[in-house]
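This report is written for a reader meeting the structure for the first time. Please look at the sequence and the model below before reading on.

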Amino acid sequence: MSNSDAAAILTTPDLGEALRAVRTLLDIADTANSEVDFEAVIRSPEVLVRLLGLLPGLKWSSSPGGAHGSSDAGDDPARCLPIRVFDWCHPLDLAEPFIVALGSDPAAVRFDLDAWPEVPAAGLERVSQKYAYLTLSVNSRDLFQDELFGDHTVHVHVKNAAWPAHTARIHWLAEQVGGAFTGRVESALL
């Protein structure tokens, strides 16, 4: 396992704008064999019902402050709220329904891409799957749902945001969605 740097390139209170940015970045990326991973903190029984309708085998564990339990133990998640969701390796087409189901609960939706393409005009080389990720933080500004806000942040991942070639890719991707790299970077486990 290794880390990547997740660079925030767009923060907006408009979920539609954040989703348009994600779609644009997905159109740029190689997504032939891509998957999406979900991490969330579910507090609401209504959100839980919607998510279980979408993902009946939802993987979760109790969150600090909630009753002890987990999906692995066969516990009832409704009796354990709040819960933390860690459900990975889903088809890309489940991302938007998952996001819509969240309501105001926070999440990180990570898109595991096949590659960021070469962009000769910008001097960018192809980036393989190992560092080709995109994360949308919903109702949060960070990857781990620690900074809860009523807005949403798009992050692009690179091996090291301090390296000029990687910084150039961050800036180029931000430009494609009308965003800007402000220097806000988080370390992400991959």
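Which residue with a positive phi follows H4? In this predicted model, that residue is Gly 178, and its phi is near 75 degrees.

**Helix H4**

Helix H4 covers residues 164–176, which makes 13 residues. From its first C-alpha to its last it reaches 18 Å, close to the 18 Å expected at 1.5 Å a residue. Its buried residues are His 166, Thr 167, Arg 169, Ile 170, Trp 172, Leu 173 and Ala 174. The cover over these buried residues includes E1, H1, E9, strand E6 (115–116) and strand E7 (127–128).

**The sheet**

An open sheet is built from 8 strands in the order E3-E4-E2-E5-E8-E9-E1-E10, with antiparallel pairing. Strand E3 (60–62) and strand E10 (185–189) stand at the edges with a single partner strand each, so one side of each has no neighbour in the sheet. From one strand to the next, the twist averages 20 degrees. Strands of a sheet pair through backbone hydrogen bonds, in a parallel or an antiparallel sense.

| Strand pair | Bridges | Sense |
|---|---|---|
| E1 and E10 | 5 bridges | antiparallel |
| E5 and E8 | 6 bridges | antiparallel |
| E8 and E9 | 4 bridges | antiparallel |

Individual residues illustrate these pairings. Asn 3 stands opposite Leu 189 in E10. Leu 134 in E8 stands opposite Phe 111, and in E9 the bridge partner of Leu 134 is Val 156.

Why is E8 described as largely enclosed by the rest of the structure? The reason is that 6 of the 6 residues of E8 are buried, each having under 20% relative accessible area. In a regular strand the side chains alternate between the two faces of the sheet. Tyr 133, Thr 135 and Ser 137 point one way from E8, whereas Leu 134, Leu 136 and Val 138 point the other way.

**Helix H1**

Helix H1 (residues 15–28) has 14 residues, which at 1.5 Å a residue should span 20 Å; its end C-alpha atoms are 20 Å apart, in agreement with that value. Ala 18, Leu 19, Ala 21, Val 22, Leu 25 and Leu 26 are buried in H1. Seen down the axis of H1, the buried residues fall within an arc of 155 degrees and therefore line one face of the helix. An α-helix has 3.6 residues a turn, so residues three or four places apart point the same way.

The N-terminal end of H1 is capped by Asp 14, with a side-chain oxygen 2.9 Å from the backbone nitrogen of Gly 16. Gly 16 itself lies in helix H1 and counts as partly exposed, at 25% relative accessibility. Between Gly 16 and Leu 189 the separation is 173 residues in sequence and 27 Å in space, C-alpha to C-alpha.

**Ser 70 in a loop**

Where is Ser 70 found? Ser 70 is in the loop between E3 and strand E4 (83–90). With a relative accessible area of 17%, Ser 70 is buried, because the cut-off for that class is under 20%. The side chain of Ser 70 reaches the backbone nitrogen of Ala 73 at 3.1 Å. Leaving aside residues up to four places away in sequence, Ser 70 touches Trp 60, Ser 61 and Asp 75.

Note on methods:
Residues are numbered from 1 along each chain as its sequence is written. This is a predicted model: local features need pLDDT of at least 70, side-chain atom pairs count only at pLDDT 80 or more; totals for chains, interfaces and linings use all residues. Side-chain values use heavy atoms; hydrogens and water are left out. Helices (H or I, at least four residues) and strands (E, at least two) are DSSP runs, numbered from the N terminus. The expected span of a helix is 1.5 Å times one less than its number of residues. Buried means under 20% relative accessible area, exposed over 50%, partly exposed in between (1.4 Å probe, protein chains only). The arc is that of the directions from the helix axis to the C-beta atoms. A polar contact is a pair of N or O atoms within 3.5 Å; within protein, one must be able to donate a hydrogen and the other to accept it, and residues adjacent in sequence count only if both atoms are side-chain atoms. Two strands pair if DSSP finds at least two bridges between them. Axes are lines fitted to C-alpha atoms, for helices over the stretch in contact, and angles run from 0 to 180 degrees between N-to-C directions. Contact means heavy atoms within 4.5 Å.
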